[in-house]
Amino acid sequence: ARVAADAGAIDAASGVAYLSVLDRRAARAEPLRTGTILRLDLHQPGSQPLPATAGDPPGFRPQGLSLWSHAPDPRRLFVVNRALDAEGAEQQSVEVFEEQPDGLFHHEKTVRDALFAHPNDLAAVGPDQFYLSNDSGAHYALTRAFEALFQLAWSDVIYYDGAHGSIAASGRAAAAGVTVSADGLRLYLAETSARQILIFDRDTESGSLYWSGLIEL
């Protein structure tokens, strides 16, 4: 079976990579198949991935993830979850895991917001705050297919302030990977259909984004 790591985050201090994993081939035949988060010690050649969580929420189908590791805040993993309900419809959410003394991340809470249309990736900027990229602005499969077919610029970036989501950048064509610079002052967004990386200056107080430039691929 092919096990795909959809996304990863590296803890530079410890040299540990955290991987979002789901067997996509099996999931096509078994829609209710779930995934998990694994950890890999990059300092140990030949080391095998090990469980990073003490347990996953029901129906866990992880996508993008981000590690928040800034003392004195507890270390947290934020993970996009495209879980399926009993009828096979996706239930978009962000799962938050917090590291405990046993060294594993325990599920802390589930975050949902009406603006989480079709999450792809996210970047944590605080213990409860993050940016989330919607690779599609459509909430339904049919309109999502229409958007993809004509490469419409319906996707966006959402800023979640710990309580509510707001649109931080819109009118993007298949917004995908998103990350924030080490100093937290810039956000980088991969715009897949346009084959470019967008650069935004970031207001660290409000979460607002301001256009800075782009890198063509």
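**Reading a buried serine**

Reply: Let us begin with Ser 181, which is buried because its relative accessible area is 19%, and buried means under 20%. Please bear in mind that this is a predicted model.

Me: Where does Ser 181 lie, and which residues does Ser 181 touch, leaving aside those up to four places away in sequence?

Reply: Ser 181 is in the loop between strand S13 (175-180) and strand S14 (186-191). With residues up to four places away in sequence left out, Ser 181 touches Arg 186 and Tyr 188.

Me: How should I read salt bridges, and how many does a search of the whole structure find?

Reply: A salt bridge is a side-chain nitrogen of Lys or Arg within 4 Å of a carboxyl oxygen of Asp or Glu. The search finds nine salt bridges in the whole structure. One of them joins the side chains of Arg 76 and Glu 98, at 2.9 Å from N to O. This pair links distant parts of the chain, with Arg 76 in strand S6 (residues 76-84) and Glu 98 in strand S7 (residues 90-99), 22 residues apart. Arg 76 and Glu 98 are both buried.

Me: Which residue does Asp 135 meet in a salt bridge?

Reply: The partner is Arg 82, and the N to O distance between the two side chains is 2.9 Å. Here too distant parts of the chain are linked: Asp 135 is in the loop between strand S10 (130-134) and H2, whereas Arg 82 is in strand S6, 53 residues apart. Asp 135 and Arg 82 are both buried.

Me: What of the pair Asp 128 and Lys 109?

Reply: Their side chains form a salt bridge of 2.7 Å, N to O. Salt bridges with shared partners join Arg 76, Glu 98, Glu 108, Lys 109 and Asp 128 into one network.

Me: Turning to the surface, which residues form a nonpolar patch?

Reply: The patch consists of Phe 146, Leu 149 and Phe 150, which together have about 350 Å² of accessible area. Leu 149 belongs to helix H2 (residues 141-149). Its relative accessibility is 64%, so Leu 149 counts as exposed.

Me: How should I read the backbone angles, and which residues other than glycine have a positive phi, for example?

Reply: Phi is checked residue by residue. Ala 174 has a positive phi of about 60° although it is not a glycine. Ala 174 lies in the loop between strand S12 (165-172) and S13, and counts as buried because its relative accessibility is 18%. Arg 195 also has a positive phi, near 55°. Arg 195 is in the loop between S14 and strand S15 (196-202), and is exposed, with a relative accessible area of 63%.

Me: Where is a cis peptide bond found?

Reply: A cis peptide bond joins Ala 71 and Pro 72, with omega at about 5°. Pro 72 lies in the loop between strand S5 (62-68) and S6.

Technical notes:
Residues are numbered from 1 along each chain as its sequence is written. This is a predicted model: local features need pLDDT of at least 70, side-chain atom pairs count only at pLDDT 80 or more; totals for chains, interfaces and linings use all residues. Side-chain values use heavy atoms; hydrogens and water are left out. Patches are made of residues with over 30% relative accessible area and no salt bridge: like charges are joined within 9 Å, nonpolar side chains (Val, Leu, Ile, Met, Phe, Trp, Tyr) within 5 Å. Accessible areas come from the Shrake-Rupley method with a 1.4 Å probe; for residues, only the protein chains shown count as cover. Helices (H or I, at least four residues) and strands (E, at least two) are DSSP runs, numbered from the N terminus. Buried means under 20% relative accessible area, exposed over 50%, partly exposed in between (1.4 Å probe, protein chains only). Contact means heavy atoms within 4.5 Å.
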